[in-house]
Amino acid sequence: MDFLTSLFSNFWVSLTGKLLLVALMIPLIGMVIGYAEMKLSAKMQARVGPYFAGGRWGWAQLIADGVKFFQKEDLIPDEADRPVFKIAPVLVLVSTVAILVIIPFGPGLIFRDLEVGIFFALAISSLSTVGVLMAGWSSGNKYSLMGGLRAAGQLIAYELPLVLAVIGSVMLAGTMSMSGIVEAQISAGYPYVVLQFIGFGIFMIAALAELSRIPFDMPIAESELVMGYLTEYSGFRFLFFFLAEFANMFSLSAIAVTLFLGGYWLPGIPEDVLAYAGPVILLAKTFLLVFTMIWFRWTFPRFREDQLQSLAWKWLIPLALANIILTGAFKVYL
Amino acid sequence: MVLDQDLVRHLSESSVSVELQTEDMTLNIGPQHPSTHGVLRLVARVDGERAFDVQPVIGYMHRGYEKLSEVRTYPQITTLVNRIDWVAGYANEVPFIVAAEKLLGIEVPERAQFIRLILTEMARISSHLIFMASYPLELGAATPLFFALRERERVLDLLEGVTGGRFHPNFNRIGGVKPAYGSGSSTRKVIQDLPAGFLAETRDAMDKVMEAVDELELLVADNEIILARTKGIGILPPEVAAAYGVSGPNIRASGVKFDLRKVEDYLPYHLFDFEIPVGENGDCWDRWHVRLLEIRQSVRIVQQAIDGIPSGPLQAKVPKVIKVPQGETYVRAENPKGEMGYYLVSNGNQGPYRLKIRSASFSNISILPWILEGVLVPDIIAIMGSLDFVLGDVDR
């Protein structure tokens, strides 16, 4: 026992353990959300969806898909910039892993409670856009290039409202630490969405744009750019992007839950139960938001790139700024 | 050559007016592309997201039907022509058969004419439902596809019940129609007519299609993003549309009340009460909306035709070996995609001497270089989709 304690108190050992846990979470979350997307979209479109894989309900569809992806030939186009082409999917996935690190799953249940948690999350999440840009640039394909450039244009448009939307919650909590924000909501007795509904809405819209999902999937835009920056990717590199998209849906929803919906906390649940029920509550809230994202995707068409820009600059950013002023006034006078 | 001249002109202009020299990119959209409806190729010269010169390249699907018709007999040609616009295969047969009958001077029984009319309108409904399915998909919305295709299946099932084919009915005969029901051994005397219960089932299906169209309108027409993507995009003024020979719902969306069903007499449309929906601005939205309204009008026509269908024979007396007398004629019809015409020249043989096929999509996409000048890349897809063409109808 002593040996184990001393082993896990070793910085490198505990780091490896935590990283492994996060790395295992990503395929798991990716598969759960991927399956949910398949089944929910089928329900919304009067279809059945995956049915045969795994014997029942097609529950093993995503596993079968994963195995299939690994069997595929790893194609790299002749024109491609090989090292950049290879690094891009890794970079996208790494940013997803890094966000999961700062999400509090329960009281004290957090991989790393950074003082600047939310700041870290926002900085890291834009790393995935760099990966997307790299993928688009290095593929040696005009559709990929246009997809990558659209992603870069989108980054500038939505990153600002995303950051500005978060500021309201940070001002109310007085801390940037993710667990600190949840604790502040517990001591306040209400989730911040009550006051920060504008911020919450803006955050969710900007998160959809960050994920480049419909209605903001211009970098992929299947009917225009074939598959955008993903056009030339196949096999496990494509799988990386695929997993990163679903895991990112989860992590951005989890951030939204932490900042606006009270994280792992539900009113009326005592402190000692919360230690065990916390992760479940957080997952439930997160999957609710993920469901909304899936719902949006199968209901809405796609915006045009310039329409996203005008939405971001003319509506979201002024609204977010007004929200900050209102929050400041609330903080000072009440 | 045209492309080169445009390039030279553009380069000479840009070197004068632009200080920072940027290189244009030639984007090859198609022939293999998710939303070119087959094998259309667009060579677009783009500057970032803006396309300043788009040239369609066609011919990837040329099957030489006009030439093939010269070595086929008249009854054999229906198999060819219903592969022209395969989304509404039935509607292609009628004007060709009517052209042959016109030269032969055959009077088609009224019941056969009514059946032709009902099926033509059902082909129109199924064609427009395909448009209702594919157009939102091109704008990024996948769900309307399934709702529209489900209803289309209802209509196609009925078409199949009568003709034996979903896409390629091959159902018209010179002098009448030939239902699949009862066909077979020629020694047995079987009355050939519509399948039992067809009229009741059709009435039922038309009510369901009406409901589905309302549902589609709710799903698509009230969507802010669809409106933002289609209103004021790809405006086609009526005079330009007429100059390029655009026809069908595309020109009606520009506000021109031009419908061959009211002008020509290839089928007894004058007996029915229906309206010609027209658009106001001629933009993508109007082209979508006009087609939606046309489905409702077609359902109205089918309902009236079911109520008023006369009894009688389905086939006029025709000789066993059909030789069309010398002469030439042009029959045009209002097909789902626009004006479909056959210019038939006969020199008295069993097959035509020359058959010129005027297909709607060919003329409709001739507008592409004009209408796509200076639009954004996403709008290329939105405008192209709104013109609703089928490559088989373009290349023939």
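How many residues does the contact take from chain B and from chain A? The contact takes 25 residues from chain B and 21 residues from chain A, two residues being in contact if their C-beta atoms, placed from the backbone, lie within 7 Å. This is a predicted model, in which local features need pLDDT of at least 70, side-chain atom pairs count only at pLDDT 80 or more, and totals for chains, interfaces and linings use all residues. Residues are numbered from 1 along each chain as its sequence is written, while chains are lettered from A and ligands numbered from 1 in the order in which they are written.

On the side of chain B that touches chain A, the largest share, four residues, comes from α8(B). Helices (H or I, at least four residues) and strands (E, at least two) are DSSP runs, numbered from the N terminus.

Chain B also holds an open sheet of three strands in the order β1-β2-β3, with antiparallel pairing. Two strands pair if DSSP finds at least two bridges between them. β1 and β3 (50-57) of chain B stand at the edges, each with a single partner strand, so one side of each lacks a neighbour in the sheet. β1(B) and β2 (residues 41-47) of chain B pair in the antiparallel sense over five bridges. One named pair is B:N28 with its bridge partner B:V43 in β2(B).

In chain A, attention turns to two helices. A:V22, A:A23, A:M25 and A:I26 in α2(A) meet A:T96, A:V97 and A:L100 in α4(A).
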